[in-house]
Amino acid sequence: DLFAAVVAWRPDAVSAHAFDVEAIELAERLPVAHTLHLPPIVPPVVEAARRSEALFVSVSEAMEGAWAQAGVGTTIVRNGVPDLLAADLAFAAGAAASHSRIKPVALIPGRVSREKGTAAAIRVARAAGLRPLVVGPAYDRQYAEREVRPLLRPGEWLPPVDRLALSRLMARSA
């Protein structure tokens, strides 16, 4: 059993990103910080978090507020943003300096889900006169098919890309 092995190892700290009851309950004997990337949308997970004495971390004020309303206190630790390579910085600076290289695109990266506001971001982009470019997986497939896909034209939704490709897309976007 993985959790028994980790307990026997006696780590100083465990950073957990799982979003299920078992991960919360099995980690009770560990010095764990559970990072909550999602809002409190799964009742059994919310109940397990309420019962737990572990440390819970949220990634934004919005998530902190949502979990507080559900009765779970969290500490905010924002998602880290990696440093870009020197070549990427030069690329981004060159793109910004050369307006002709910047396209009238609003980049909308990340998982496609209701709590991320993907459909609203697409509407805002169009209202601003920009072409939306969604980059990421459909996390909530029903939401993606019913509310996001109808707002997009061919080529306006790309699968996930690596950080270097994403930074280049950002550098070229308005």
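This is a predicted model: local features need pLDDT of at least 70, side-chain atom pairs count only at pLDDT 80 or more; totals for chains, interfaces and linings use all residues.
## The chain as a whole

The protein chain holds 8 helices and 7 strands. It has 174 residues, of which 33% count as buried. Among its contacts with a separation of 6 or more, 53% are between residues 24 or more positions apart. The chain exposes about 10,600 Å², and carbon and sulfur atoms supply 58% of that area.

## The sheet

Four of the strands form an open sheet in the order β1-β2-β3-β4, and the pairing is parallel. β1 (14-16) and β4 (75-76) stand at the edges with a single partner strand each, so one side of each has no neighbour in the sheet.

Strands of a sheet pair through backbone hydrogen bonds, in either a parallel or an antiparallel sense. Here, β1 pairs with β2 (residues 32-36) over 3 bridges, in the parallel sense. Ser 15 stands opposite Ala 33 of β2. On to the next pair: β2 and β3 (residues 55-58) are parallel as well, over 4 bridges. Within β3, Val 57 is the bridge partner of Thr 35.

Is β2 enclosed by the rest of the structure or left open? Of its 5 residues, 5 are buried, so the strand is largely enclosed by the rest of the structure. In a regular strand the side chains alternate between the two faces of the sheet. In β2, Val 32, His 34 and Leu 36 point one way, while Ala 33 and Thr 35 point the other way. Residues on both sides are buried.

β2 also takes part in two right-handed β-α-β units. One is made of β1, helix α2 (residues 21-26) and β2.

## Helix α8

Helix α8 covers residues 163-172, and Leu 166, Ser 167 and Ala 171 are buried in it. Seen down the helix axis, the buried residues of α8 fall within an arc of 140 degrees, so they line one face of the helix. An α-helix has 3.6 residues a turn, so residues three or four places apart point the same way.

At the start of α8 there is a contact between a side chain and the backbone. A side-chain oxygen of Asp 162 comes to within 3.2 Å of the backbone nitrogen of Leu 164.

Methods:
Residues are numbered from 1 along each chain as its sequence is written. Side-chain values use heavy atoms; hydrogens and water are left out. Buried means under 20% relative accessible area, exposed over 50%, partly exposed in between (1.4 Å probe, protein chains only). The arc is that of the directions from the helix axis to the C-beta atoms. A polar contact is a pair of N or O atoms within 3.5 Å; within protein, one must be able to donate a hydrogen and the other to accept it, and residues adjacent in sequence count only if both atoms are side-chain atoms. Two strands pair if DSSP finds at least two bridges between them. A crossover is right-handed if, with the strands pointing away from the viewer, the path from the first strand over the helix to the second runs clockwise. Contact means heavy atoms within 4.5 Å. Accessible areas come from the Shrake-Rupley method with a 1.4 Å probe; for residues, only the protein chains shown count as cover.
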